[in-house]
Amino acid sequence: MKQSQLFTKTRKEAPADEVAKNAQLLIRAGFINKEMAGVYSYLPLGLRVLGNLETIIREEMNAIGGQELLLTTLQDKESWEKSDRWDESKVDVWFKTKLASGTDIGLGWTHEEAITAMMRQYIQSYRDLPVYAYQIQTKFRNEARAKSGLMRGREFIMKDLYSFSRTQEDLDAFYEACAKAYERIFARAGIGEITYRTFASGGAFSKYSHEFQAISAAGEDVVYVDKEKRIAINKEVLTDEVIAELGLNKDTLVEEKSIEVGNIFKLGTRFSDPLGLSYVNETGETKPVIMGSYGIGPGRLMGTIVEALSDAKGIIWPREVSPFEVHIVSLGIDNEEIRKASDSLYEMLTSAGIDTLYDDRTEKSAGEKLADADLIGIPVRLVVSARTLESASVEMKKRAEADAVLVRAADVIVAIKTA
RNA sequence: CGGGGUGUAGUAUACCGGUAGUACGUCUGCUUUGGGAGCAGAUAGACCGAGUUCGAUUCUCGGCACCCCGACCA
């Protein structure tokens, strides 16, 4: 894409009403726009990042048998009353409204009730199980206090997968498979090193649930990490008994602030019982379906990546997440020779299938273009200028590294692929 | 939801009970092109409402919005 066509602009200064680094950088670079507290629009660059994260998530969810669907935001209160989560004394994040007829409606803040009720139509026999269904959808939560940029919003994108199994053993096996898939997702998203599978409170049907906590000073959670064993315990469940049970040593645990980027939960029959989701087994007995739920917030994940991977100049996107693979920065583009060289480089890359942002803007100084490139954070930068033209080459610089190298034009594609 | 704070051009910020200033942006012209360029000119602003006052952007009250701490939570 030609940057001259991109309608967003970068900003030199951070907005006064944002303190969180993720929001400051994403707004300055033109990835998101704040509409109100805890509510952000995704602009073209931001949507590309979000799309890339969703692609990673889809691939990993599909790989463990997930089937994607899309449930509704508008929720009838009937199912929620059955699970006892409609009452605002039980759930205080509801956005509720009414139909013109006066019927109560809620905006979905999670979808256990909706999908459990729906699955009664499709699950009757053991032959129908297991089912692993997920969606990537906007959730609405009326948070008392939105904060930390993309970290805690009132409207946010969430991937939520729900598993429906015959037995606890089947649930356990899928739960482990999903945990592994989550590790792959966070690794591909560039935060694998700092993200720990974390023991957290389990609820009614298992002793623990697991959170995936990314170590970050911007985090709202506190976890105790065993870096060797790569597991952590959420402060809320930390006791000597738990430490012993997990085979950890109190002295090697390190306290860290962290961001919850995912969680997985064994639900058992918490929803299948009240909503009447059951199946008939091989011997003709009626059994409740055993459920689990598995969430990742792609928007929060995007914010976490920015918190973890950025420097004083801007964002440093991991390759698979970056809005573009390569950023061509043409300096002195008013010069016809440079314009030609830049255009042909852009054409060469795009025809090779390399997703490229091409800074073809005229009347922008070299300094501004380079500063913008650093701020936007595409991992590979190619500079075309009078200087590179002299040696019939282009300058390649990785965003995460300090030094640039000259690459002959004919070798550019190979250099990018191996960067 | 409890406590605290802040609302001034598109953005970031000054000052002031008496004609609201600066920087960036934007526009025009000329010069410039390897780290947010230079010169000249232009553009654009006091959250909303009530009160006090000769006069309110400034003081008071109410509303709304936003931020921070806490509680709660993906």
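This is a predicted model: local features need pLDDT of at least 70, side-chain atom pairs count only at pLDDT 80 or more; totals for chains, interfaces and linings use all residues.
A residue counts as buried if 20 or more other C-beta atoms lie within 10 Å of its own, as exposed if 12 or fewer do, and as partly exposed in between, with C-beta atoms placed from the backbone. Residues are numbered from 1 along each chain as its sequence is written, while chains are lettered from A and ligands numbered from 1 in the order in which they are written.

**Confidence**
- Chain A has a mean pLDDT of 95, where pLDDT is the predictor's confidence in each residue, from 0 to 100.
- In chain A, 100% of residues reach 70 or more.
- The model's ipTM is 0.94 and its pTM is 0.96.

**Domains**
- Chain A splits into domain 1 (3-311) and domain 2 (326-417); the bounds come from an automatic or database domain assignment.
- Taken over C-alpha atoms, the centres of domain 1 and domain 2 are 38 Å apart.
- Six residues of domain 1 are in contact with eight residues of domain 2; contact requires C-beta atoms, placed from the backbone, within 7 Å.
- On the side of domain 1 that touches domain 2, two residues are nonpolar, three polar and one charged.
- Here Ala, Val, Leu, Ile, Met, Phe, Trp, Tyr, Cys and Pro count as nonpolar, Asp, Glu, Lys and Arg as charged, and the others, Gly among them, as polar.

**RNA surface**
- RNA strand B has 45 residues around it; a residue is near the strand if its C-beta atom, placed from the backbone, lies within 6 Å of it.
- Asp 17, Ala 37, Gly 332, Ala 366 and Gly 367 come nearest.
- Strand 13 (254-268), helix 10 (366-376) and helix 11 (386-390) each give two or more residues to this surface.
- Helices (H or I, at least four residues) and strands (E, at least two) are DSSP runs, numbered from the N terminus.
- Helix 10 supplies the largest share, eight residues.
- The surface near RNA strand B holds 16 nonpolar, ten polar and 19 charged residues.

**Nonpolar core**
- The largest nonpolar core has 99 residues; such a core is a set of buried Ala, Val, Leu, Ile, Met, Phe, Trp, Tyr and Cys residues joined through C-beta atoms within 7 Å.
- Leu 53, Ala 189, Leu 345 and Leu 382 have the most contacts inside this core.
- Helix 5 (residues 168-188) gives the most to the core, with eight residues.
- Domain 1 and domain 2 each contribute at least three residues to this core.
- Leaving aside neighbours within four places in sequence, the contacts of Leu 382 include Val 326, Ile 328, Leu 345 and Val 412.

**Helix 1**
- Seven of the eight residues of helix 1 (residues 21-28) are buried.
- Gly 30 follows helix 1 and has a positive phi, near 85 degrees.

**Backbone exceptions**
- Most residues other than glycine have a negative phi, and most peptide bonds are trans.
- Leu 129 and Pro 130 are joined by a cis peptide bond, with omega about 0 degrees.
- Pro 130 sits in the loop between helix 4 (112-119) and strand 7 (131-140).
- Asp 84 has a positive phi, near 60 degrees, and is exposed, with 10 other C-beta atoms within 10 Å.
- Glu 363 also has a positive phi, near 60 degrees, and lies in the loop between strand 20 (356-359) and helix 10.

Note on methods. Two residues are in contact if their C-beta atoms, placed from the backbone, lie within 7 Å.
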